[in-house]
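This report covers core packing, helix contacts and backbone geometry. Please look over the sequence and the model before reading on.

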Amino acid sequence: MTDLTNPASNPTLALTMALIERASVTPEDAGCQQLMAARLAKVGFNIEMMPFADTLNMWARHGQGKPLFCFAGHTDVVPSGPVDAWHTPPFQPTIIGDTLFGRGAADMKGSLAAMVVATEQFLAQEPSPAFNLAYLITSDEEGPFINGTVKVIETLEARQEKIRWCLVGEPSSHLQVGDVIKNGRRGSLTGHLTVKGIQGHVAYPHLADNPIHKAAPALAALATEIWDNGNAYFPATSFQIANIQGGTGASNVIPGELNVMFNFRYSTEVDAEQLQSRVYALLDKFGLHYQLEWTLNGLPFLTEQGDLVDSTVAAIEKVRGITPRLETTGGTSDGRFIAPTGAQVIELGPCNATIHKVNECVAIADLSQLTEVYLQLLINLQQRLTA
């Protein structure tokens, strides 16, 4: 019986460990993409590195002229945080029992390794599949996300290179591998609000105008507003204040302005323009003197049941013996840049309980099961296209 905890007999574990030991904190890639490229080149992929500013991206493609399936993901990781808070060094992959510890184990170097190994195994079975394969890998997903996937997609669109199906390896699973597939994501819209007042002495409030007092009822109204009720695929749109700052730090000074940053995670029941219009109306209702700037972080997207979703559900049912739930909750991912091109996009990866935390880890058995699911997905697509 194969010992899954032995890297010598578990290729997905071995590659995951090799990726973890490369300290690829955003936007550094630290050699991760070169490691993946070397493996993919051996099985017939054409490798195209796409550096933009401080970000390294890789577009690797196997074959031309057929429908294109793409594995997408990121080699960058968030900072480790306090190293002394970790049980083991964050960039020294460490096996304890049946668990692998290290920054990026779950988000998302384990997924990357599973993709590569599944691809190698699939092409060994099907050297000339009925569809082309590709990899879109970036090193800035955890950071400003301005020189990564979005730039690669712009390049591909300019040369009319289209992705039909895309699997992003984000850690989507909750309690066990494959229990959740993300088949969409909510939109993300951030507001940067500055409420103007008049600075003055707290003992002479009639000579000042306190923007905090003025803004408080308006912020309360924004926080309690029902923006929509969601739908069958998306939860209701949410509004959250993320940062708020006003004052000089002194107890005897009325501030001259208040700065508030807030964020919408919104469903397909509304669009960004509607949300903006309603915010303006609420702020105006309270007579505020303000400035408001917007950042649209990503549009909502949804992949309904079809070739990709159905093939993935069937793969999980066969390998794991469970039927996954389709969800659109959680944060954003680079899928938001790929879906607008018309691609079917889903996210499927390991359990997300420890991502971005100290002592990030992944169950070693989960790496092997994820590899099997990815392989079965490719097999299912092949069977659909050749049936």
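The sections below go from basis to cores, then helix pairs, one arginine and the backbone.

## Basis

This is a predicted model, in which local features need pLDDT of at least 70, side-chain atom pairs count only at pLDDT 80 or more, and totals for chains, interfaces and linings use all residues. Residues are numbered from 1 along each chain as its sequence is written, and side-chain values use heavy atoms, with hydrogens and water left out.

## Nonpolar cores

A nonpolar core here is a set of buried Ala, Val, Leu, Ile, Met, Phe, Trp, Tyr and Cys residues joined through side-chain atoms within 4.5 Å. Buried means under 20% relative accessible area, exposed over 50%, and partly exposed in between, with a 1.4 Å probe and protein chains only. The largest core has 44 residues. Phe69, Tyr135, Leu167 and Tyr374 have the most contacts inside it. Helix H3 (residues 105–125) gives this core its largest share, nine residues. Helices (H or I, at least four residues) and strands (E, at least two) are DSSP runs, numbered from the N terminus. A second, separate core has 24 residues, including Val195, Ala215, Leu288 and Leu292.

What does leucine 167 contact, leaving aside its neighbours within four places in sequence? Its partners are Phe69, Cys70, Phe71, Ala72, Met115, Ile346, Leu348, Tyr374 and Leu377. Contact means heavy atoms within 4.5 Å.

## Helix pairs on H9

Two packed helices are described by the angle between their axes and the distance between the axes. Axes are lines fitted to C-alpha atoms, for helices over the stretch in contact, and angles run from 0 to 180 degrees between N-to-C directions. H3 packs on H9 at about 45°, with the axes 8 Å apart. That makes H3 oblique to H9; angles under 35 degrees count as roughly parallel, over 145 as roughly antiparallel, 65 to 115 as roughly perpendicular and the rest as oblique. In H3, residues including Ala114, Met115, Ala118 and Phe122 take part, and in H9 residues including Leu370, Tyr374 and Leu378. This contact has eleven nonpolar, seven polar and no charged residues. Ala, Val, Leu, Ile, Met, Phe, Trp, Tyr, Cys and Pro count as nonpolar, Asp, Glu, Lys and Arg as charged, and the others, Gly among them, as polar.

Helix H7 (residues 307–320) packs on helix H9 (residues 364–386) at about 130°, with axes 8 Å apart. H7 is thus oblique to H9. The H7 side includes Asp307, Lys318 and Arg320, and the H9 side includes Glu372, Leu377 and Arg384. The residues of this contact divide into eight nonpolar, five polar and six charged.

## Arginine 39

Arginine 39 sits in helix H2 (residues 32–42). Arginine 39 is partly exposed, at 24% relative accessible area. Beyond neighbours within four places in sequence, arginine 39 touches Leu15, Val116, Val117 and Glu120.

## Backbone exceptions

Most residues other than glycine have a negative phi, and most peptide bonds are trans. The bond from threonine 26 to proline 27 is cis, with omega near 5°. Proline 27 lies in the loop between helix H1 (11–20) and H2. The bond from aspartate 107 to methionine 108 is also cis, with omega near -10°. Methionine 108 is in helix H3.

Phenylalanine 145 has a positive phi, near 45°. Its loop runs between strand S6 (132–138) and helix H4 (149–158). Histidine 356 has a positive phi of about 65°. Histidine 356 is in the loop between strand S18 (344–347) and strand S19 (361–363), and is partly exposed at 43%.
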